[in-house]
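Please consult the sequence and the structure shown below while reading.

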Amino acid sequence: MIHPDTVLQFISPEIGYGVFATRPIPQGTITWAHDPLDQILTPDQVRGMPEIYEEPLARYTYRTPEGDHILLWDLARFMNHSCSPNCMATHYGFEVAVRDIPQGGELTVDYATLYMTPEESFDCYCRAAECRWKISADDAEKLADEWAGRIQTGLLRIGEVDQPLLHLLRDGCLQRACGDHGVPYQLPLRRLF
Ligand SMILES: [Zn+2]
């Protein structure tokens with residue numbers, strides 16, 4: 001489920017739609033969390049689907065390390081890629097804001113963090129100063145340390161900001177994510193809602 005302070009907006013015919021903040025969303029906010037309405041499609045299910053689903057599967061799903069396709073039920077599936085994203089995906093079914101996102105700012109994520117397959121790649125025109133131009137599965141290994149650092153900057157503030165999606169996280173996920181990134185996990189969080 002995407003953060004409630006977001007809205008879908010049309011950007012351009014080339015880009016299509018994107019997800020924008022309707023209020024400031026501070027660094028450390030959980031901006032998306034997997035929830036029970038998201039549809040999980042196993043590799044066998046995907047292989048058995050008619051060709052007509054190929055394009056929407058490629059466009060609107062992301063993959064897990066196990067190879068499942070996840071179709072997000074809400075506008076989270078319209079989040080665009082950036083080589084300098086303000087949201088980062090953790091390995092625990094949630095994303096965290098790694099910078100302050102101003103009201104009207106677009107929420108973005110790096111698609112290479114979403115378990116691309118070796119045969120997948122795309123040209124990028126995100127206009128970020130650090131744009132990689134070509135996005136591929138290889139990026140995950142090359143950028144692992146940099147991504148971990150960015151996630152850490154978000155997790156360090158996780159107890160300081162409102163967290164309307166916190167109740168969606170599975171038990172222990174936040175603790176494990178903090179542990180992976182060397183962030184002390186402190187309960188209680190200042191404000192949950
Ligand atoms: Zn780019």
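A hairpin of three residues joins β1 to β2. Strand β1 (residues 6–12) pairs with strand β2 (residues 16–21) in the antiparallel sense, over six bridges. Phe10 has Tyr17 in β2 as its bridge partner. Strands are DSSP runs (E, at least two residues), numbered from the N terminus, and two strands pair if DSSP finds at least two bridges between them.

## Basis of the model

This is a predicted model, in which local features need pLDDT of at least 70 and side-chain atom pairs count only at pLDDT 80 or more, while totals for chains, interfaces and linings use all residues. Residues are numbered from 1 along each chain as its sequence is written, and side-chain values use heavy atoms, with hydrogens and water left out.

## The three-stranded sheet

An open sheet of three strands has the order β4-β6-β5, with antiparallel pairing. Strands β4 (39–41) and β5 (61–63) stand at the edges with a single partner strand each, so one side of each has no neighbour in the sheet. From one strand to the next, the twist averages 30° (axes are lines fitted to C-alpha atoms, and angles run from 0 to 180 degrees between N-to-C directions).

Strand β5 runs antiparallel to strand β6 (residues 69–71), and three bridges join them. Thr61 stands opposite Leu71 in β6.

## The zinc site

The zinc ion has as protein donors the SG atoms of Cys83, Cys124, Cys126 and Cys131, at 2.3 to 2.4 Å. Donors are N, O and S atoms within 2.8 Å of the metal (3.2 Å for Na, K and Ca); water is not among the atoms, so sites may look incomplete. In sequence, the donor residues follow the spacing C-x40-C-x1-C-x4-C.

The site is tetrahedral, with angles of 106 to 114° among the four donor atoms; four donors count as tetrahedral if all angles lie between 85 and 135 degrees. Cys124 is buried at 4% relative accessibility, whereas Cys126 is partly exposed at 22%. Here buried means under 20% relative accessible area, exposed over 50%, and partly exposed in between (1.4 Å probe, protein chains only).

## The loop between β11 and β12

Arg127 lies in the loop between β11 (121–123) and β12 (134–136), and Trp133 also lies in the loop between β11 and β12. Most residues other than glycine have a negative phi. Arg127, although not a glycine, has a positive phi of about 70°; Trp133, likewise not a glycine, has a positive phi of about 65°.

Arg127 counts as exposed at 80% relative accessibility. Trp133 also counts as exposed, at 56%.

How values were computed:
Helices (H or I, at least four residues) and strands (E, at least two) are DSSP runs, numbered from the N terminus. Four donors count as tetrahedral if all angles lie between 85 and 135 degrees; four count as square planar and six as octahedral if opposite donors are over 155 degrees apart and all others between 65 and 115; anything else is irregular.
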